[in-house]
Amino acid sequence: MYLSDDFRLKVGLAEMLKGGVIMDVTNVEQAKIAENAGASAVMALERVPSDIRKEGGVARMASIRIIREIMDTVSIPVMAKARIGHFMEARILETLGVDYVDESEVLTPADEEHHIDKKSFKVPFVCGARNLGEALRRIAEGAAMIRTKGEAGSGNIVEAVRHIRTIVKEMKQLTILGKEELVHESKNLGAPLELVEWVAANGKLPVPNFSAGGIATPADAALVMQLGAEAVFVGSGIFKSEDPDSRARAIVKAATYYNDPAKLLEASEELGEAMRGLDVSKIPESELLQTRGW
Amino acid sequence: MKTIGILALQGDFDAHRKAVERAGGRPVEVRTAKDLDACDGLIVPGGESTTMLKLLDIENLTEPLRQFAGRKPVFGTCAGAILLAHSVTSPTQPSLNLIDIDVERNAYGRQIDSRVAHVEAGGQPMEAVFIRAPKIRRVGPGSTILATYNGDPVWVEQGRHMVTTFHPELTPDSRVHERFLEKVSTLPSRA
């Protein structure tokens with residue numbers, strides 16, 4: 001599976017996005033701001049997660065007209081979200097020609113038992129995960145990039161931190177186990193033995209590992225990258241802030257210089273108000289986005 | 001052992017780090033002008049050329065990079081080739097003009113048009129990974145074409161500098177990185 005040409009191309013594009021920022025945009029104007037600020041890709045969607053949270057209703061794949069306008073406007077890769085399990089939304093996005101599909105918990109799930117069989121697509125997929133088992137199940141289905149789920153639209157980094165720390169710790173633990181213990185861990189994780197063995201041998205995921213869900217400041221981006229994320233997705237954090245343009249630039253800078261406190265200070269200076277965040281512990285269980293999918 | 005800097009503003013610099021190690025060089029990540037001081041050569045990796053251009057500009061790295069290239073070899077892959085070109089279209093954007101080629105961005109189409117292909121390099125086949133790749137539309141008289149794909153130049157060198165529109169860092173074949181290390185080792189450096 002890992003060596004098929006198709007899969008190498010899918011992972012290859014994810015490699016190109018490393019060290020960068022993928023920004024949620026809902027229209028052409030926002031897409032232009034994102035590209036001008038140095039986004040390495042944009043994610044086209046109808047409403048940013050914080051609005052989905054506020055307004056409720058069923059959140060679906062974005063309007064084709066808007067995605068197409070964005071594709072025609074920017075030269076960087078364009079991603080779009082499909083509902084969990086909604087393989088026909090994904091098929092339509094693939095036919096449209098988007099560069100990556102995000103099978104996303106931010107949209108209302110279409111299937112509560114099955115995720116999309118991503119191997120049957122030519123377009124690459126990114127999927128969210130809260131722990132190693134979830135990440136490996138998505139990779140087994142064909143995802144070529146994993147991102148932590150965090151808690152989208154919360155403006156609160158705590159869940160993204162929890163998820164990246166969990167995945168990194170679970171990977172470290174595998175590296176010290178013997179062969180028969182890996183069989184047992186495969187059962188515990190609910191993930192294929194072949195992938196569990198790969199992670200044990202390499203100490204990392206077989207696909208790039210990005211972070212999403214709650215990143216609102218340059219410091220947030222640097223934090224998750226310090227913890228092991230290789231790039232960041234920023235959803236509501238940019239266009240729900242007071243100063244989308246300068247904040248977008250600042251987060252781009254932070255993703256590159258995550259290991260350089262002086263540059264991070266520069267990036268953090270002269271920013272306006274960040275988006276108003278939510279206390280995740282006050283969000284009712286039924287309204288959490290991260291528990292969608294398995 | 002030669003020290004090869006890899007511009008690590010954004011993109012697949014980590015894949016290049018491994019490729020440089022495989023080819024027998026010592027890779028270091030470059031994010032500031034000062035990082036260039038330790039380097040015998042520089043690789044500009046694949047990624048998004050617009051993102052790299054923004055950061056080069058904001059961080060005042062364009063001039064130090066030009067000065068470095070005036071003395072030492074630079075190798076660009078994909079987005080890196082776009083940055084090193086004489087001129088860029090689709091869309092038009094600034095470039096460093098280190099190598100006399102004109103480049104059209106995303107010339108094969110979008111991600112679904114990305115491909116693993118076999119190119120012809122010095123009479124030998126070479127596996128090449130093209131991802132949202134640019135096309136070299138013009139090659140200046142001072143440049144040498146080292147590989148072609150369907151008649152299009154995909155690996156070009158001029159003096160100490162070199163570009164590929166594909167990603168040799170994503171295949172186990174070390175020939176392209178070895179050639180760059182050879183240039184770094186043999187070209188007289190005026191530094």
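**A helix and its surroundings**

Reply: Let's start with helix H2 of chain A: its buried residues pack against strand E1 (21-25), strand E2 (41-44), helix H4 (64-73), helix H11 (236-239) and helix H12 (244-256) of chain A, together with H2 of chain B. Please keep in mind that this is a predicted model. The helix itself covers residues 28-37, and the buried residues are A:Val28, A:Gln30, A:Ala31, A:Ala34, A:Glu35 and A:Ala37. Now look at the two ends. At the start of H2(A), a side-chain oxygen of A:Asn27 comes to within 3.1 Å of the backbone nitrogen of A:Glu29. Just after H2(A), the chain passes through A:Gly38, which has a positive phi of about 105°.

How many residues of chain B are in contact with chain A? There are 37, and they meet 35 residues of chain A. The size of an interface is often given as the accessible area lost when the parts come together. Here chain B and chain A bury about 2,900 Å² between them, with 56% of it on carbon and sulfur atoms. B:Arg110, B:Gln111 and B:Ile112 provide 23% of the area that chain B buries against chain A, more than any other three residues.

The side chains of A:Asp99 and B:Arg110 form a salt bridge, with N to O at 2.7 Å. A:Asp99 sits in the loop between helix H5 (87-96) and strand E4 (100-104) of chain A, while B:Arg110 is in the loop between strand E6 (101-104) and E7 of chain B, so this pair joins two chains. Both A:Asp99 and B:Arg110 are buried. The interface holds 5 salt bridges, and it has 21 residue pairs in polar contact.

Let's go on to a strand of chain B. In strand E4 (residues 74-77), B:Val74 and B:Gly76 point one way and B:Phe75 and B:Thr77 the other, and all are buried. E4(B) runs parallel to strand E3 (residues 41-44), joined to it by 3 bridges, and it also pairs in the parallel sense with strand E12 (residues 161-164) over 3 bridges. You can see both pairings at B:Phe75: B:Ile43 stands opposite it, and its bridge partner in E12(B) is B:Met162.

Within chain A, A:Arg47 forms one with A:Glu55, the closest N and O atoms being 3.2 Å apart; A:Glu55 is exposed, with a relative accessible area of 53%. In chain B, B:Lys183 forms one with B:Glu157 at 2.8 Å between the closest N and O atoms. That pair links helix H5 (residues 175-186) to strand E11 (residues 152-158), with the two residues 26 apart in the chain. Both B:Lys183 and B:Glu157 are buried.

Methods. Residues are numbered from 1 along each chain as its sequence is written. Chains are lettered from A and ligands numbered from 1 in the order in which they are written. This is a predicted model: local features need pLDDT of at least 70, side-chain atom pairs count only at pLDDT 80 or more; totals for chains, interfaces and linings use all residues. Side-chain values use heavy atoms; hydrogens and water are left out. Contact means heavy atoms within 4.5 Å. Buried area is the accessible area (1.4 Å probe) that two parts lose on being put together, summed over both. A salt bridge is a side-chain nitrogen of Lys or Arg within 4 Å of a carboxyl oxygen of Asp or Glu. A polar contact is a pair of N or O atoms within 3.5 Å; within protein, one must be able to donate a hydrogen and the other to accept it, and residues adjacent in sequence count only if both atoms are side-chain atoms. Buried means under 20% relative accessible area, exposed over 50%, partly exposed in between (1.4 Å probe, protein chains only). Helices (H or I, at least four residues) and strands (E, at least two) are DSSP runs, numbered from the N terminus. Two strands pair if DSSP finds at least two bridges between them.
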